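Please look over the protein shown here and walk through a few of its features with care.

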Amino acid sequence: MMAILLLVTALVPATVHDVSAKCMDVEKCTDGPIVYSLKTQVQSFFLLPNIVCPNQDHFLTERLNGKLACITERMAERTGWHVHYKDMVDFKGVFPVALFENFIHHVPFEITGATLDDLAFQDEMLTAHVTPNAERGMLSVTLHFDLLHAKMEYCDPQNDADHPDAPFVVVADGIEYGHSMEENSRGASTLNIPLDENSSIIDIIRTCYG
């Protein structure tokens, strides 16, 4: 059963929750991060690396019959079920962002050492508001090309395909940094932004325009 699930997810690269969707009440639709139920994620053919437990203190495990389950660390040790992605972060989910009127884009993110209070898009810039709870942390944001894109071939089709990506510019509390795409704890390509105890407002700006 698990082999079939992996095969299907490999053939379906995205889900309705990973892309943009319409919403009649933007304020309600963008009111904080979202973590879908395990059942919804499986039924919607989420890619396995993107499946997370609604209770962030639980581990994603695979039962002997191949079905996925979210259980405590102690229960995982007792059952011996295979644990997926044991490298935990404080919070994983998606944050709904309004692109324009009644149109919402779901942005996958991970955060450690802080909470993500808000994520908004305006003027080719994604702005995150965070509240630190530790001296050091990390915000990882998955940037879909519909939202922000740094590929040089996107900026100028005449560029060589081997040309390096144009880095995103990250302005954290008034200080500008250059950031390129890296990987998050699940091996997905993301923009990793270091946080500290003074982090508050983070602007993510692409350096080229289509």
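The paragraphs below take up a disulfide, some contacts between parts of the chain, and a charged patch.

This is a predicted model, in which local features need pLDDT of at least 70 and side-chain atom pairs count only at pLDDT 80 or more, while totals for chains, interfaces and linings use all residues. Residues are numbered from 1 along each chain as its sequence is written, and side-chain values use heavy atoms, with hydrogens and water left out.

The structure holds one disulfide, a term that stands for a pair of cysteine sulfur atoms within 2.5 Å. The partners are cysteine 53 and cysteine 70, with 2.3 Å from S to S, and the angle of -95° about the S-S bond makes their link left-handed. Because cysteine 53 lies in the loop between α3 (38-43) and β2 (59-62), whereas cysteine 70 belongs to strand β3 (residues 68-71), the pair ties together parts that are 17 residues apart in sequence. The names of these elements follow DSSP runs, numbered from the N terminus, where helices (H or I) have at least four residues and strands (E) at least two. Cysteine 53 counts as buried at 6% relative accessibility, and cysteine 70 is partly exposed with a relative accessible area of 23%; here buried means under 20% relative accessible area, exposed means over 50%, and partly exposed lies in between, with a 1.4 Å probe and protein chains only.

Strand β2 also contains phenylalanine 59, which counts as buried at 7% relative accessibility. Phenylalanine 59 and threonine 72 are 13 residues apart in sequence, and their C-alpha atoms are 6.0 Å apart in space. Another such pair is threonine 142 and phenylalanine 109, which are 33 residues apart in sequence and 6.1 Å apart from C-alpha to C-alpha. Threonine 142 sits in the loop between β9 (136-141) and α5 (152-155), and threonine 142 is partly exposed, with a relative accessible area of 22%.

Which residues form a negative surface patch? The patch is made by Glu135, Asp173, Asp196 and Glu197; such patches consist of residues with over 30% relative accessible area and no salt bridge, and like charges are joined within 9 Å. A salt bridge, in turn, is a side-chain nitrogen of Lys or Arg within 4 Å of a carboxyl oxygen of Asp or Glu. Glutamate 197 is found in the loop between β13 (189-196) and β14 (201-205), whereas aspartate 173 has its place in the loop between β10 (168-172) and β11 (175-179). Aspartate 173 is partly exposed, with a relative accessible area of 39%, and its phi is near 50°, a positive value in a residue other than glycine.

Methods:
Patches are made of residues with over 30% relative accessible area and no salt bridge: like charges are joined within 9 Å, nonpolar side chains (Val, Leu, Ile, Met, Phe, Trp, Tyr) within 5 Å. Accessible areas come from the Shrake-Rupley method with a 1.4 Å probe; for residues, only the protein chains shown count as cover. Lys and Arg count as positive and Asp and Glu as negative; His and the chain ends are not counted. The place of a charge is taken as NZ of Lys, CZ of Arg, CG of Asp or CD of Glu.
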